[in-house]
Amino acid sequence: MDPNPHESSIRRIGHVCRILSKEGFLWLIDEIELRAHVPLLSRWFGTRGTRDTRPERIRNLLEQMGGSYIKLGQLLSLRPDLIPEEYCEEFTKLQDRVPPEPFDEIKHVIETELGKPISSAFSEFLTTPIGSASIAQVHEARLKRGERVVVKVMRPGIHAKFKADLDVMYFFAHRLENRLKKLGFNPVTIVEEFEKYTRDELDFTEEGAHIQAFERNFAGSRRVKIPHYHKDLSTKNILVMEYIEGVHLSNLINGSINHHDKEAIARNLFDLCLTQVFKMDIFHADMHPGNIIVLPDNRVALLDFGITGSLPPDIREKGVRLYVALVEKNIDDVLEAIFAMGHISDESKLHLFKQEVREIIDMWHGETLSKARITHTLHQLLNSCVDHGITLPPEFIRLGKALVTIEGTCVRLYPEFNFVEESKPYLVDLLRSQVVAGVSLKNALKKSLVLKAYLQKLPRKIASALERVASGRVDISVEAAEVGYLGRVLSVASDRISAALIIAACLITGGLILRVNVPPHYFGVSAFALIAFGIGAIMTTILLLSFLRKLPVKNPHH
């Protein structure tokens with residue numbers, strides 16, 4: 001991105017400079033030599049005094065600039081790896097509320113996108129929006145077949161506006177990079193992340209794909225409801241989905257509505273969260289109470305699928321290892337899991353990091369069970385990684401923030417809610433699936449046979465090495481008969497080692513299958529476990545019989 005703004009962006013730069021001056025950031029303007037854009041009185045007499053903290057002043061700044069700057073702050077509230085934690089907390093207070101566009105303009109967008117009059121697609125369309133934000137506004141409507149839907153419509157000209165705002169952001173980021181890094185910010189990286197984020201936010205087909213993924217994963221769920229996505233009526237600038245009748249979770253939390261079973265809602269919300277973590281490739285990264293609807297039967301429904309994260313299998317596996325290590329208070333395993341998924345930029349800080357991790361885990365396990373919050377501990381670990389130069393995958397950071405939000409919400413709904421205890425069935429299911437798919441008997445046999453093949457090649461490799469030594473500067477006399485004898489001995493040994501490995505694999509696999517109780521069952525025991533133990537018994541018999549056979553150990557020279 002070109003750090004020099006186009007002429008059309010100059011007015012926007014001036015607007016930003018005036019707000020910066022008003023909020024007491026005249027030093028930033030001086031840093032990039034743009035004082036000429038500040039009103040004369042502000043240059044002479046400074047700005048009004050304020051007792052607000054710097055994070056509060058920056059939040060006010062973003063709110064006054066509005067639009068894409070509010071979206072920037074909301075994104076940063078989910079990324080403690082990009083900005084200090086106190087700023088993340090303050091930016092969660094940002095409210096994206098913008099006056100709605102005139103309905104005629106919204107109608108024009110819909111009809112242009114669909115290529116037909118609005119009356120041809122909807123039997124009813126309410127002109128007053130039920131929600132209005134910087135990127136889009138939402139209207140209630142009814143399809144020709146009678147279904148109630150919500151229609152999310154992109155604001156006219158929003159693509160060009162965000163493009164212009166990005167140009168201005170890059171302009172300031174490049175000129176302030178050195179100064180802001182001292183305050184814990186990397187402005188160019190922040191704007192680059194925001195550009196990636198807005199690329200998806202400004203294309204409703206991406207959000208529609210996210211909804212479909214959630215629909216598939218929660219189909220038939222008795223705890224979670226995902227609104228149906230009407231792909232035939234949706235485009236890049238329009239999103240049509242099922243209307244969900246219910247109450248906002250925020251109204252239940254603040255006590256304005258009390259006729260729901262809050263314990264059941266907490267469990268349903270937890271199911272919504274853990275299913276994403278353990279079973280899905282993506283997760284909803286913005287599950288705050290304003291984005292969750294509670295149905296009359298206590299099911300929970302998600303709204304606004306614009307902010308999601310992907311969760312590759314390897315990251316999920318490492319994350320689960322970290323979680324299990326935390327529960328078991330195994331500090332070595334915690335560190336191993338963090339190092340497995342993170343990049344260490346400064347080796348000199350590792351000793352301090354390990355010490356801080358120990359203190360964090362000791363503090364958590366020292367709390368009473370009713371007060372202990374594992375996601376808060378996880379959040380502290382993520383912050384410690386940032387402080388000590390350990391870079392973790394951005395999606396794992398966002399997942400950590402989502403888990404913190406969900407556990408906090410569950411505890412506010414039902415104070416006795418225990419995240420660790422509730423998560424155990426999900427961990428057992430995950431272990432069962434990994435045993436069948438990853439630690440299967442077939443897999444163990446395959447790896448044992450690979451090792452056997454390697455050991456069988458070992459005599460030839462030794463003979464080759466000896467030949468190379470004999471032909472070099474070191475004169476070692478090795479007769480062919482001796483090499484052949486060594487090869488025969490190693491071949492027998494490799495067969496026995498391979499058999500022992502297969503036996504061990506069968507016993508371990510059978511034990512794991514017994515523990516997670518994988519069906520089908522015979523005589524009350526898993527059939528897979530019986531097969532594993534049976535093969536292990538046969539291989540043990542063969543191995544014992546091989547010991548009774550003599551090795552071809554008669555050295556021809558003896």
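Is C88 buried or exposed? I looked this up first. C88 has 0% relative accessibility and therefore counts as buried; buried means under 20% relative accessible area, exposed over 50%, and partly exposed in between, with a 1.4 Å probe and protein chains only.

**Ground rules**

I am working on a predicted model, in which local features need pLDDT of at least 70 and side-chain atom pairs count only at pLDDT 80 or more, while totals for chains, interfaces and linings use all residues. I number residues from 1 along each chain as its sequence is written, and side-chain values use heavy atoms, with hydrogens and water left out.

**Cysteines**

I searched for disulfides, defined as pairs of cysteine sulfur atoms within 2.5 Å, and the structure holds zero. I then checked C273, whose sulfur has its closest cysteine sulfur in C410, 7.6 Å away and too far for a bond. C273 counts as buried because its relative accessibility is 3%.

**Helix α17**

Helices here are DSSP runs of H or I with at least four residues, strands are runs of E with at least two, and both are numbered from the N terminus. I tested the length of α17, which covers residues 374–387. The expected span of a helix is 1.5 Å times one less than its number of residues. For the 14 residues of α17 that gives 20 Å, and the end C-alpha atoms are 20 Å apart, so the two agree. Ten of the 14 residues are buried, so α17 is largely enclosed by the rest of the structure. Among them I noted I374, L378, H379, N383 and C385. Just after α17, G389 has a positive phi of about 75°.

**Nonpolar cores**

I count as a nonpolar core a set of buried Ala, Val, Leu, Ile, Met, Phe, Trp, Tyr and Cys residues joined through side-chain atoms within 4.5 Å. The largest core has 117 residues, of which I83, F172, L249, V334 and L392 touch the most other members. Helix α9 (residues 158–181) supplies the largest share of this core, eleven residues. A second, separate core has 16 residues, including I110, F122, V151 and V240. In soluble globular proteins, nonpolar side chains tend to be buried together.

**Rings**

Rings of Phe, Tyr and Trp (its six-membered ring) pair if their centres lie within 6.5 Å; planes under 30 degrees apart are stacked, over 60 edge-to-face, and the rest tilted. My search of the whole structure gave twelve aromatic pairs. F103 and F125 form a tilted pair, 5.8 Å centre to centre with 45° between the planes. F103 lies in helix α7 (residues 103–114) and F125 in strand β1 (residues 122–125), so this pair ties together parts 22 residues apart in sequence. At 14% relative accessibility, F125 is buried.

F194 and Y197 make another tilted pair, at 6.0 Å centre to centre and 40° between the planes. They are three residues apart in helix α10 (residues 187–201), which means about one helical turn separates them. F194 is buried at 0% relative accessibility, and Y197 is buried at 8%. I also found a cluster of F270, Y323, F417 and F419, linked by ring pairs.

**Strands β4 and β6**

Two strands pair if DSSP finds at least two bridges between them. Strand β4 (residues 148–154) and β6 run antiparallel and are joined by five bridges. V153 has I238 of β6 as its bridge partner. Four of the five residues of β6 (residues 238–242) are buried, and the strand is mostly covered.
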